[in-house]
Amino acid sequence: MAMAVAEARLRQDKVKKFEDFVDRRLKPDLVNAIAQRDNLFQQQKTFLDLKKNIENLEKNGVTSMRSMVNLGSEVYMQAEVPDTRHIFVDIGLGFHVEFTWQEALQFISVREARLARQIDEYTHLIASIKAQIKMVCEGIRELLQLAAE
């Protein structure tokens with residue numbers, strides 16, 4: 001009788017440790033990986049939009065333009081761009097580089113390929129974490145079935 005109580009307590013301790021591992025380690029890791037991948041998707045969309053804009057400028061032969069620029073807090077100001085043949089592209093870490101349209105398109109294609117690889121890596125990581133969570137939950141279920149017997 002005392003042995004059965006000790007075994008039941010041991011199983012409950014194991015279940016608690018597994019649940020803590022899932023709640024404190026795996027779930028936060030999963031949330032973080034999903035957030036990182038979502039950030040990469042947003043960057044990918046930004047570069048795709050830039051690529052489309054450059055292609056439209058090229059197609060229509062636009063060399064100067066007027067636009068509304070967001071200054072922050074949804075405050076806009078009209079801006080005039082006298083020469084659109086050179087653009088500044090954010091390359092990361094707060095740095096901007098002046099590119100011609102063709103140079104910008106080349107940079108964008110390289111960046112898009114890199115982002116696609118990173119998105120694939122995070123997708124695999126997310127799948128791995130989900131598999132680990134499922135495996136631990138299956139282990140908990142088996143421990144609880146053993147306890148029921």
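Why are Asp49 and Lys45 separated by about one helical turn? The two residues are four apart in helix α1, and therefore about one turn of the helix lies between them. Helices (H or I, at least four residues) and strands (E, at least two) are DSSP runs, numbered from the N terminus.

This is a predicted model, in which local features need pLDDT of at least 70, side-chain atom pairs count only at pLDDT 80 or more, and totals for chains, interfaces and linings use all residues. Residues are numbered from 1 along each chain as its sequence is written, and side-chain values use heavy atoms, with hydrogens and water left out.

**Salt bridges on the helices**

Keep Asp49 and Lys45 selected. They form a salt bridge, with the closest N and O atoms 2.8 Å apart; the term denotes a side-chain nitrogen of Lys or Arg within 4 Å of a carboxyl oxygen of Asp or Glu. Asp49 is partly exposed at 31% relative accessible area, and Lys45 is partly exposed at 45%. Here buried means under 20% relative accessible area, exposed over 50%, and partly exposed in between (1.4 Å probe, protein chains only).

Next select Lys27 and Asp23, also in helix α1 and four residues apart. Their salt bridge has its closest N and O atoms at 3.5 Å. Then move to Arg141 and Glu138, which are three residues apart in helix α2 and whose closest N and O atoms are 2.4 Å apart. By this rule, the count comes to nine salt bridges.

**The nonpolar cores**

Select Phe47, Ile54, Ile87, Val89, Trp101 and Ala104. Of the 13 residues in the largest nonpolar core, these touch the most other members. Such a core is a set of buried Ala, Val, Leu, Ile, Met, Phe, Trp, Tyr and Cys residues joined through side-chain atoms within 4.5 Å. Helix α1 (2–60), strand β3 and helix α2 (101–148) each supply at least two residues of this core, and α2 gives the most, with six. Centre the view on Ala104: leaving aside neighbours within four places in sequence, this residue is in contact (heavy atoms within 4.5 Å) with Ile54, Ile87, Val89 and Phe99. A second, separate core of 11 residues includes Ile126, Ile129, Ile133 and Ile140.

**The loop between β2 and β3**

Select Thr84, found in the loop between β2 (75–81) and β3 (86–92). Is Thr84 buried or exposed? Thr84 counts as buried because its relative accessibility is 3%. Its side chain reaches the backbone oxygen of Val62 at 2.7 Å. Not counting residues up to four places away in sequence, Thr84 touches Val62, Thr63, Ser64, Met65 and Trp101.

Asp83 is found in the loop between β2 and β3 as well, but counts as partly exposed at 30% relative accessibility.

**Two loops with positive phi**

Select Glu74, in the loop between β1 and β2. Phi of Glu74 is near 60 degrees, a positive value in a residue other than glycine. Finish at Leu93, in the loop between β3 and β4 (95–100). Leu93 has a positive phi of about 55 degrees and is exposed, with a relative accessible area of 85%. Most residues other than glycine have a negative phi.

Notes. Polar contact = N/O pair within 3.5 Å; in protein donor to acceptor, adjacent residues only side chain to side chain.
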